[in-house]
Amino acid sequence: MFKWLVVRPLLYLFYQERIYGTENVPLTGNLIVVSNHASDFDPLIVGSCMGRPVAFMAKEELFEIPVLKQAILAFGAYPVKRGAGDRAAIRAAISSIEEGWATGIFLQGTRTLDGRVTEPKLGAAMIAAKTQAPFLPISIWGTETILPKGAKFPKLFQPVTVRIGELIPPPDASDRTTLEAYTQKCADAINALHALGR
């Protein structure tokens, strides 16, 4: 209800959001949503443009803030302790998938200035191999202008485009070479969508 009554109208009104490829989203079953990342607004944008709930990991400190805690829990966020290592994050993501959530993972693990994926991490492929969840590549274009580094408030009326690609099957093995190949395949798909621009 919050998504349809508040988030979607605000994104459309203030960011002229365009969404392509919603027909590619499977509404049931295990799913790993892999995306590029250029803004703190990206989890909200990705989660609101899907036809099903998407859970993202969030740093544990955010769950200590009243109101924000309830909001991010409602959006399916799950806590990950900083410094706990990749294994804890992977276990949390697998648990989220087992609970029926589509799980969102930013392929590079951190924001990039231009929104492109340049150094993808293997975490998503490791989770896919363990859960046999397919990847859904998503490109978010334009969000790097909403809250540039050093800005105190988000800029309004910045055009944002979301492109949802076709499903990529999960890895058929969990050796490093296979995981690297699937990770690169996801990165290439995201960057190809991003290159289409507005």
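Which residues does Phe157 touch, not counting residues up to four places away in sequence? Phe157 touches Leu13, Phe14, Tyr15 and Gln16, where contact means heavy atoms within 4.5 Å. The place of Phe157 is in the loop between β6 (135–141) and β7 (161–164). Phe157 and Gln16 are 141 residues apart in sequence, yet their C-alpha atoms are 7.0 Å apart in space.

The model is predicted, so that local features need pLDDT of at least 70 and side-chain atom pairs count only at pLDDT 80 or more, whereas totals for chains, interfaces and linings use all residues. Residues are numbered from 1 along each chain as its sequence is written, and side-chain values use heavy atoms, with hydrogens and water left out.

The chain contains six helices and seven strands, with helices (H or I, at least four residues) and strands (E, at least two) taken as DSSP runs numbered from the N terminus. Their order from the N terminus on is α-β-β-α-β-α-β-α-β-α-β-β-α. The radius of gyration of the chain is 16 Å, close to the 16 Å that the globule rule gives for 198 residues, so the chain is as compact as a globular protein of that length. This radius is taken over C-alpha atoms, and the globule rule is 2.2 Å times the number of residues to the power 0.38. Along its principal axes the C-alpha trace spans about 45 × 40 × 35 Å. Of the contacts in the chain with a separation of 6 or more, 72% are between residues 24 or more positions apart. Buried residues make up 46% of the 198 residues; buried means under 20% relative accessible area, exposed over 50%, and partly exposed in between (1.4 Å probe, protein chains only).

Gln16, the contact partner of Phe157, lies in the loop between α1 and β1 (18–20). Its relative accessible area is 28%, so Gln16 counts as partly exposed. The phi of Gln16 is positive, near 40°. Most residues other than glycine have a negative phi. Gln132 also has a positive phi, of about 55°, although it is not a glycine. This residue follows α5, in the loop between α5 (123–131) and β6, and at 46% relative accessibility Gln132 is partly exposed.

Within α5 itself, Ala124, Ala125, Ile127, Ala128, Ala129 and Thr131 are buried. Two of these residues, Ala125 and Ala129, are in contact with Leu179, which also meets Leu122, Met126, Pro171, Ala173 and Ser174 when neighbours within four places in sequence are left aside. Leu179 lies in helix α6 (residues 176–195) and is buried, with a relative accessible area of 7%.
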